[in-house]
Amino acid sequence: GLKIVTIGGGSSYTPELVEGFIKRYDELPVRELWLVDIPEGEEKLNIVGELAKRMVKKAGVPMDIRLTLDRRKALEGADFVTTQFRVGRLEARMKDEKIPLKYGVIGQETNGPGGLFKGLRTIPVILDIIKDMKELCPDAWLINFTNPAGMVTEAVLRYGNYKKVVGLCNVPIGMRMGVAKLLGVDARRVHIDFAGLNHMVFGVNIYVDGNNMTEELIDRLTSGEASGITMRNIVDLGWEPGFLKGLKILPCPYHRYYFQTSKMLAEEMEAAKTVGTRAEVVKKLEDELFELYKDPNLDIKPPQLEKRGGAYYSDAACSLITSIYNDKRDIQPVNTQNNGAIASIPNESAVEVNCVITKEGPKPIAVGDLPVAVRGLVQQIKSFERVAAEAAVTGDYNTALVAMTINPLVPSDTIAKQILDEMLEAHKEYLPQF
Ligand code: NAD
Ligand code: G6P
Ligand code: MN
Ligand code: MN
């Protein structure tokens, strides 16, 4: 049987992961699932862990759920390690989202200045996990879900020298579900050629039963006020019809931050004044979820979890793990080393592309290149991720300032410096390298 370790086990997403393992138990016999957290997360870990135990008992699968704060003990002999932690927890996310807004800049916890700081806090921790893994489970796969997943995967490849890493995001599966709904077909009939970076991925071609439906989809997408394709955490502003018709590929929901910057900024400013930033909304959702999780009669994943942006996360994570374990050689979009899949991105960098999933890991499918219209933006974001990862590793102030300034959501070097200084101060507890 398999030993799986989930770091950040106290996450409210854990029941979804447990459900995914239960569903696949016959082909993916997870004998031990170790949920790891830190002392600040112990209460959440216990609540979620007890629910997980009730879920496996109800399902009648012999999966042992182990709860621990001892990461090294958990990692010993692991086959797969999944990561879903948040350094500084939701309070840190609140700062990531709110501080930039004071300067008229979108914070965004994965793409903007917020993403930079989430990366600066996360990368040292993930590299420490890698160090432990090399010693305690050197053959294990690291399935990283922790955001910013693209930057984190890049850092693990470049600075951790660990090749058995796959970065995972639910945006591609969310886009496939959204396309299926818009076209009124079962999602299993939809195939999308994905290419780009994490939260910067495009549907380059969209097929239904093997027929290319990209043009029809773009017509449908641009026919109303809203596009019909988004995530729970991103407002669904419609696209300018001529823009998508000219672009001829499907952007992901996160592209709104770049192509609709002023409208998105206005939305975020308004939300901050009314319902609160996404972190504040999530805080309420999370409190509600944990109240439900505490109920000793609850023994399934509650449907309320679907209000979080990470819907279908377990499907993505469990499908990936079972395809590696069973050498399925099916196609899944994941974050992996480019190796020539996208021509204008360096071979050794992380990209988010369709891959054939084998027991040796994901084999990226070559796409040639992205359309010239978006190539520059994708390269710019890759440069941002690389400079940010370098800043996270070195703790060099000027490198961090460069990363902040080259982020497309930040308008100038001076505003970058103001945001950087205030955020370095606000997050200093979690930034020992600076
Ligand atoms: P959360 O705030 O509930 O954090 C999860 C757990 O991580 C908490 O219990 C916390 O105590 C723990 N933690 C914090 N620092 C830790 C450390 N150093 N070691 C071990 N555990 C630690 O977060 P969440 O909302 O459940 O999200 C978890 C992570 O998953 C975030 O990084 C989020 O961005 C990411 N996420 C990614 C996707 C994706 O598409 N890749 C989707 C959803 C969430
Ligand atoms: C999306 C992204 C995730 C992100 C999540 C936020 O689905 O793919 O990377 O973490 O939404 O959701 P939340 O409910 O925390 O705002
Ligand atoms: Mn994601
Ligand atoms: Mn800029």
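Q: Which residues line the largest cavity?
A: This is a predicted model, so keep that in mind. The lining is made up of Thr-110, Asn-111, Pro-148, Ala-149, Gly-150, Met-151, Asn-198, His-199, Tyr-258, Ile-381, Phe-384 and Glu-385.

Q: Which elements give two or more residues to that lining?
A: Helix H6 (149-159) and H14 do.

Q: And what volume does the largest cavity have?
A: About 100 Å³.

Q: Buried or exposed?
A: Glu-385 counts as buried, because its relative accessibility is 5% and the cut-off for buried is under 20%.

Q: What does the Glu-385 side chain make a polar contact with?
A: With the side chain of Lys-382, at 2.6 Å.

Q: Leaving aside neighbours within four places in sequence, what is Glu-385 in contact with?
A: Gly-150, Met-151 and Leu-197. Gly-150 and Met-151 also belong to the lining of the largest cavity.

Q: Switching topic: what are the protein donors of the manganese ion?
A: For the manganese ion (ligand 3), they are Cys-169, through SG, and His-199, through NE2. Both lie 2.2 to 2.3 Å from the ion.

Q: Why does the pair tie together parts that are apart in sequence?
A: Because the two residues come from separate loops. Cys-169 is in the loop between strand E6 (165-167) and helix H7 (171-183), while His-199 is in the loop between strand E7 (190-197) and strand E8 (200-208), so the pair links parts 30 residues apart.

Q: Are those two buried or exposed?
A: Cys-169 is buried, and His-199 is buried as well.

Q: How much space lies in the second largest cavity?
A: About 50 Å³.

Q: Which residues line that one?
A: Leu-221, Ser-227, Ile-229, Trp-239, Leu-250, Pro-251, Cys-252, Pro-253 and Arg-256.

Q: And what classes are in the lining of the second largest cavity?
A: The lining has 7 nonpolar, 1 polar and 1 charged residues.

Technical notes:
Residues are numbered from 1 along each chain as its sequence is written. Chains are lettered from A and ligands numbered from 1 in the order in which they are written. This is a predicted model: local features need pLDDT of at least 70, side-chain atom pairs count only at pLDDT 80 or more; totals for chains, interfaces and linings use all residues. Side-chain values use heavy atoms; hydrogens and water are left out. Donors are N, O and S atoms within 2.8 Å of the metal (3.2 Å for Na, K and Ca); water is not among the atoms, so sites may look incomplete. Helices (H or I, at least four residues) and strands (E, at least two) are DSSP runs, numbered from the N terminus. Buried means under 20% relative accessible area, exposed over 50%, partly exposed in between (1.4 Å probe, protein chains only). Contact means heavy atoms within 4.5 Å. A polar contact is a pair of N or O atoms within 3.5 Å; within protein, one must be able to donate a hydrogen and the other to accept it, and residues adjacent in sequence count only if both atoms are side-chain atoms. On a 1 Å grid over the protein atoms alone, a cavity is a set of points where a 1.4 Å probe fits but cannot get out, and a pocket is an open set with protein on both sides within 12 Å along at least five of seven lines; lining residues have an atom within 4 Å of a point. Grid points are joined across faces, edges and corners, and a volume is the space filled by probe spheres set on the points. Ala, Val, Leu, Ile, Met, Phe, Trp, Tyr, Cys and Pro count as nonpolar, Asp, Glu, Lys and Arg as charged, and the others, Gly among them, as polar.
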